[in-house]
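Welcome to a short tour of this structure. Keep the viewer open and follow along as we move from one chain to the next.

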Amino acid sequence: MTRRVSMTVNGRPVEADVEPRRLLADFLREDAHLYGTHLGCEHGVCGACTILLDGEPVRSCLMLAVQADGAELTTVEGLARADGLHPLQEAFREHHALQCGFCTPGFLLTSLYLIREQPDLDDEDEIREALSGNLCRCTGYQNIVDAVRDAAGRLRQESQTTKG
Amino acid sequence: MRRREDAELLTGKGRFIGDLSRPGMAHAVFLRSPFPHARIGSIDADRARAMPGVHAVLTGADLPPDLGAQPNTHLFGERETPYYALARERVRYAGEPVAVIVADSAYLAEDARAQIVVDWDPLPSVGSVERALADDAPLVYDDLDWPDNVAATFEQEMGDVDRAFDEADVVVTERYRIQRQFACSLETRGVLAEWDANVDELTLWTSSQIVHIARDLLAAVLGLPEHRIRVLVPRLGGGFGAKFHFYPEETAVALAARATGRPVRWVEDRMESFLATVHAREQRVELSMAAREDGTITAVKGDLMGDMGAALHTVGYGPLWLTAVMITNVYEIPNARVRARAVVTNKTPLGSFRGWGQPQANFVVERTVDRLARELGRDRAELRRQNLIPPERLPRKSLHHTLDSGDYPACLDRAVALLSERGWPDRQGELRDQGRHVGIGISFYTENSALGPSRMLNEGGVQQGGYDIARMRVEPGGEVTLYTGLCEMGQGLTNALTQVCADNVGVHPDQITVVTGDSSQVPYTGYGTGASRGAAVGGAAVMKASRTVREKVLRIAGHMLEANPDDLEAEDGTIFVRGTRARSVTMADVGRAAYIRAIELPEGEDPGLEAIEAFDPPQFAWPYGANIAVVEVDVETGVVSFLDYIYVHDCGTIVNPTIVEGQIQGAVAQGIGAALFESLPYDDEGQPLFGSFMEYLLPTAAELPRLAMEHQHTPSPNIPGGMKGVGEAGTIGSPAAVVAAIEDALSPYGVRINETPVTPSAILSMIAEREVTAA
Amino acid sequence: MKPPPFDYATPRSVDEVVEVLREAPDESSLLAGGQSLMPLLNMRMAQPRVVVDLNRAEGLGAIELTGEGRVRIGSMVRQRRLETDQELRDRLPLLTEAARHIAHVPIRMRGTVGGSLAHADPAAELPAAVCALEGRLLVRGTEVERTIPAGDFFLGALTSAIGPGELLVAVAIDTPPKGTGWAFHEVARTHGAFALAGAAALLHVGEDGGIDLARLALLGVGSVPYVPDWLGEMAVGEAPDESLFRRIGERAGDEVAPFDDVHASADYRRRVAGVLSARALAEAAGRSNGRASG
């Protein structure tokens, strides 16, 4: 009944025997013990369980663990750098872009993809639209929008410094 | 400002209820009623019980015979509406828990649930207040011989209302329909129970805003002494009032743990959350306002019906009562009368959601003031200004409460000025000339915060106190531990309390650890974490405890420094003689003296460095503010979009502006959700017409405006420190302002909007009706 | 909200898919992007005996552009690629625009073209867009491959012409004539929520200033996309002006048969379908002949 799956999560190999029906989100939480991926709706609407699958944001509640066999995953636990928080995390902290923090992992990973894809991101309406697949019940989003815009700027500066 | 918990939450290390596990833990799911009203015949769970990995199936018949009903702590003189951890013989709403299934995983528990066969005998049911009050209405409590579906009627009056209406130049009357909504925190609820059979002690982790109250109510229901139960609250993914309640699942999971001898965890799934977590808000209100020709409002009377659902939950009909007694809002209206009927229906019980009954009161009053302005041909802001209680006449008694302090007209004036500074009345005109439908809506609110004087609560029937108790201790190493019975649910409470503690003891915030959410450690708090009382009541208690400790710190330090304690100052953990930092000791020096080297204590000073202090507010506090919404309506599609949003308010002393702003932004978002998106509709029989986020729409980043916010500061005269509380404020005035703006945008059509949510479909049908009328 | 137990098959080719389907045609669910099937599994509203995962089957994930302006999009092409594939955007900007209206980026990252078409949700964007583009759907069964015109593919809400044991392999679309304008408009209550109504339009204005091609497909206004068969008669040869588009919209609104739900009344959907039709046609007209850059 079970199948062996192995994948790389945050750079580390993870292996387990799972039933085919096991949701990827449950695999990450209960088998890999990465509880930062939160389940807010289990039908793909709230976005709290968003992770990066081979660099792209997906709902881990709408995938089976067996489907991620062989994939590279990034969860919120894999975001921080060796020397501290990722600039995106820093920006969230400085802009008070989280209150209860339950939706935060999903916002971070959605935003990370967003600012990688669009390094010149700055327009408020564009950011709001891009974040509209993640629900937050605490903040009213204003500070999240500000944090994402600020983080995009920080990463632009970072890459310029690297190039220079 | 850096919040203490952010680094943890940003790196995925926060532990919420669904992240907890215990050795040998099993998982629970609930079987719930698919019918709004039914007798339960037999329940056949044999197949489910026999499935591999299934540990137990409990039904109402398996409950201990002496198990208590789930309690209501807000007793305002109402009929009892008993309901239990699991339904016994009868269900009264779709979603009522009927059985709990315990298995090795939630997957297996769901498999087993599908094998349970219930012999249902459906009964006639009611899905609305209108239907419940009809002459031939089916009775929700026919088995308890109720004569009708009214659980309680509350009436209150001040002045001479009839005379004021007789003498009025203008009378306006409107009927309002306010829909069902609910708190809908992103984290659902959950419970983890572990029963130690050896000592008959229960440990219950629960996603709750009420640590000790949950413990006490559970003890009462189970018939256990309170100290045999330890309630722990992990990180909460939002609460907003819905987690202020004590739920059947908390009792049922505890019993399941006892029955199976294993730790049992239940995490509410999103679909069941729409039925299992208390709903809120739903009311029908008829409101009449009497005024003189010059615009002076002389009287208001309201007839309110609350759709309470199938039972009065933990807070009874409290929110409906609060709507009723706030029916004069912030206006100097001498005559007022309300009647509120708490009506039962076959729907999920109604309970708390940020704002309690206040958004409803604000909506009906503010919308009616708009109506009066139209009737009198007056500017809406001007008419409000004329009737606001002027600062020199505060404090002033309204129908039930005493509004405390502030300058309402100054606040309204500033909001209106800000509107013009942002170019608005002019830009509205220009856009209208281009054929666009742009509207401006104004509302003014006050909020009942700092709940509350225990005596007043108890006199009113609330079986809870209103005080808070704080315990703080300077440890031998000079660090500070602060214990509070209030819960952190994302609102930043622990940061605010830390700041108050740091300022009043004289240590750096980083030296303080706050302990919350453990009934065996934290002091009792009267009312739990709600009613915008954390910063005000909790803050005042922390301030008192901190000052008591500080006095002792200064006495000890004075002895060590051979200085008069009155000449000492404490800052960032250093105590020094004012003016000369050269002569100083550290908090660690003092801590060491207090616990380890008593030889360094002054003569007669007791060892230890700890204080426990209670604060019971002498009065409520009343923050207030103005909302101004600017919207555009696409009259061909009915789509509403925001062009601007202004928020000017006064919540007394602000401990932390960033947190206050965050609270308001989030609360306004919920108010906008109420105005435009969120609704829990039922059919006439009480069948829910919703079941997931496909039907229940939360606003996204793309729908919401950026707030232009300004603060004013009138310290509360009743709270040490002057804080007034702010948690609920943003939900109260926003629905009225948004709906008023839509109505203003549609002024060419002359529509009147008395019902929420205002959907695109509703907008087009209102326009069509007016066009038919005009033709 | 955990899926019921099922057997799980991971065929590596289209032939293998067909083989698996042949064994249990009525008890199998095809798992493409999973953005509709997975919620149904989590809610246990779908309880297949076998889940056939298409994600490891070769030969379904390509976008092929042929010389004669024909585009063949494999059924497992992710919706997100309709936005990011530059050549496809140049050829079929209507499809790109429709894809942008599907839910949100993380959903489109997994959601597939074939999954959306086969699911046949009446509120979905791609079925309407493919109808407006007069696409042809390539379906493989055990024995034969058949081609179904988009207009015949959608049979009812959540019902398509794909038979038991069959698999949607690709959709083929002819690039509209050079200079054809396009537009996609929809109304949803919140961003990314299901559309209340929507319209996909293509329009070409000839050198004489008259319309020589007009196509329209509406979503959310009935059990299948609505394609007005009278449009050519009403529009071709006419000047592209607002009043014409308004009349077309009104007629479309009169002819659709939408339904009531908790979000909007049938009457609302009817009216808004008409409004969006007119708006989409007008915008498409504005983009025709390169009058506005897409």
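## A buried helix in chain B

Let's begin with helix 18 of chain B, where 19 of the 21 residues are buried, so this helix is largely enclosed by the rest of the structure. Please bear in mind that this is a predicted model. Helix 18 covers residues 657-677, and at 1.5 Å a residue its 21 residues should span 30 Å.

## Backbone details in chain B

Two proline peptide bonds in chain B deserve a look. The bond from Leu394(B) to Pro395(B) is cis, with omega near -5°. Pro395(B) belongs to the loop that runs between helix 11 (380-387) and strand 16 (396-397) of chain B. The bond from Thr756(B) to Pro757(B) is also cis, and its omega is near -5°. Here the proline, Pro757(B), is found in the loop between helix 19 (729-745) and helix 20 (760-774) of chain B.

Next come two residues with positive phi. Arg281(B) is not a glycine, yet its phi is about 80°. You will find Arg281(B) in the loop between helix 8 (270-276) and strand 13 (283-291) of chain B. With 29 other C-beta atoms within 10 Å, Arg281(B) is buried, since 20 or more are needed for that class. Asp572(B), likewise a residue other than glycine, has a positive phi near 45°. Asp572(B) sits in the loop between strand 22 (568-571) and strand 23 (574-577) of chain B. This aspartate is partly exposed, with 13 other C-beta atoms within 10 Å.

## Chain A as a whole

Chain A has 5 helices and 5 strands, and along the sequence they follow the pattern β-β-α-β-β-β-α-α-α-α. A compact globule of 164 residues would have a radius of gyration near 15 Å, and chain A agrees with this at 16 Å. Its C-alpha trace spans about 50 × 40 × 25 Å along the principal axes.

Of the 164 residues in chain A, 63% count as buried. Among contacts in chain A with a separation of 6 or more, 60% join residues 24 or more positions apart. Glu158(A) is part of helix 5 of chain A, and it is exposed, with 11 other C-beta atoms within 10 Å.

## Where chain A meets chain B

How many residues does each chain bring to the contact? Chain A gives 44 residues and chain B gives 43 residues. On the chain A side, the elements that give two or more residues are helix 2 (87-94), helix 3 (104-117), helix 4 (124-130) and helix 5 (142-163). Helix 5 of chain A provides the largest share, 4 residues. By class, this side of chain A has 23 nonpolar, 14 polar and 7 charged residues.

## A sheet and its helix in chain C

In chain C, 3 strands make an open antiparallel sheet in the order 11-12-13. Strand 11 (181-188) and strand 13 (211-219) of chain C each have a single partner strand, so one side of each is left without a neighbour in the sheet. On average, neighbouring strands of this sheet are turned by 10° against each other, direction ignored.

Strand 11 of chain C pairs with strand 12 (residues 195-205) over 8 bridges, in the antiparallel sense. Glu186(C) stands opposite Gly198(C), which is in strand 12 of chain C. Helix 12 (residues 266-287) of chain C lies across strand 11, strand 12 and strand 13, and runs at about 30° to strand 12.

Conventions
Residues numbered from 1 in each chain as written. Chains lettered and ligands numbered in written order. Predicted model: local features only at pLDDT ≥ 70, side-chain atom pairs only at ≥ 80, totals over all residues. Contact = placed C-beta atoms within 7 Å. Nonpolar A, V, L, I, M, F, W, Y, C, P; charged D, E, K, R; others polar. Rg over C-alpha atoms; globule rule 2.2 N^0.38 Å. Buried ≥ 20, exposed ≤ 12 C-beta atoms within 10 Å, placed from the backbone. Pairing = 2+ DSSP bridges. Axes fitted to C-alpha atoms, helices over the stretch in contact; angles between N-to-C directions. Expected span 1.5 Å × (residues − 1).
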